[in-house]
Amino acid sequence: MVLADDDLLLRESMSSLLERVGFAVLGQAGDASHLLTLVREIIPDLVIVDIRMPPDHATEGLEAARAIRAEFPQIGILVLSAYVETEHATELLASGRGIGYLLKSRVTDVTEFAETLERIAKGASVVDPALVHELVAAQRRNDPLSALSLREREVLSLMAEGRSNAGIARHLWVTEGTVEKHVQHILTKLQLPDTGDDHRRVLAVIRFLEGTG
């Protein structure tokens with residue numbers, strides 16, 4: 001993988017932790033331009049990039065992620081951010097498989113973080129729960145989710161994190177069959193087709209939430 005963050009200490013710490021749990025960190029970049037150069041040279045399986053990078057600390061990291069996705073759609077991308085930025089995050093998440101968006105403050109458990117990276121590398125979409133809550137809150141004025149029960153909202157949030165039905169069942173301590181029923185009810189109430197594809201399901205939920213804000 002390749003890491004990109006302008007904070008050298010954070011970058012080195014993350015690299016050390018990830019290598020300790022089995023990842024090969026093949027390159028590090030402190031700015032978006034260097035990141036693109038490394039990606040083109042190495043063509044890694046996975047890229048971790050901060051949204052805000054030099055020189056302006058605006059959306060340079062996001063722009064680099066877009067460029068990587070356009071040029072190397074097979075590379076998994078995890079974008080890290082210090083803040084919930086719904087517009088940037090949903091646009092990126094809609095760009096294809098193997099995409100993740102997490103708040104830096106969420107990265108507190110190395111094992112869990114490693115599992116998230118593995119899911120992204122395998123093509124899953126992973127969304128920070130804070131982003132899901134922000135999207136839901138943003139469209140309460142005309143709330144299309146009002147038809148959902150509290151449990152269905154909880155399942156929807158876990159769906160948007162990229163969890164499978166089995167993963168949701170383990171998290172909620174219910175059977176997988178129960179989760180399947182909740183998912184069917186959610187998709188029916190939101191008028192979203194059940195494609196059976198976890199990635200398409202996540203994108204459908206995100207696009208729905210984005211489009212009704």
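Predicted model: local features only at pLDDT ≥ 70, side-chain atom pairs only at ≥ 80, totals over all residues.
I started with the surface: the chain exposes about 10400 Å², and carbon and sulfur atoms supply 51% of it (Shrake-Rupley method, 1.4 Å probe). Residues are numbered from 1 along each chain as its sequence is written, and side-chain values use heavy atoms, leaving out hydrogens and water.

Next, burial: of the 213 residues in the chain, 49% are buried (under 20% relative accessible area, 1.4 Å probe, protein chains only).

I looked up the secondary structure and found 10 helices and 6 strands (DSSP runs, H or I of at least four residues for helices, E of at least two for strands).

Then I turned to H7 (residues 150-160) and H8 (residues 165-172), which pack at about 125° with axes 10 Å apart (lines fitted to C-alpha atoms over the stretch in contact, angles running from 0 to 180 degrees between N-to-C directions). Arg-151, Glu-154, Val-155, Leu-158 and Met-159 in H7 meet Ile-168, His-171 and Leu-172 in H8 (contact: heavy atoms within 4.5 Å).

Last, I checked H8 against H9 (residues 176-189): the angle is about 110° and the axes are 8 Å apart. H8 and H9 are therefore roughly perpendicular. I listed Asn-165, Ala-166, Ile-168 and Ala-169 of H8 in contact with Glu-176, Val-179, Glu-180 and Val-183 of H9.

Notes: Buried < 20%, exposed > 50% of the residue type's maximum accessible area, 1.4 Å probe, protein only. Parallel < 35°, antiparallel > 145°, perpendicular 65-115°, else oblique.
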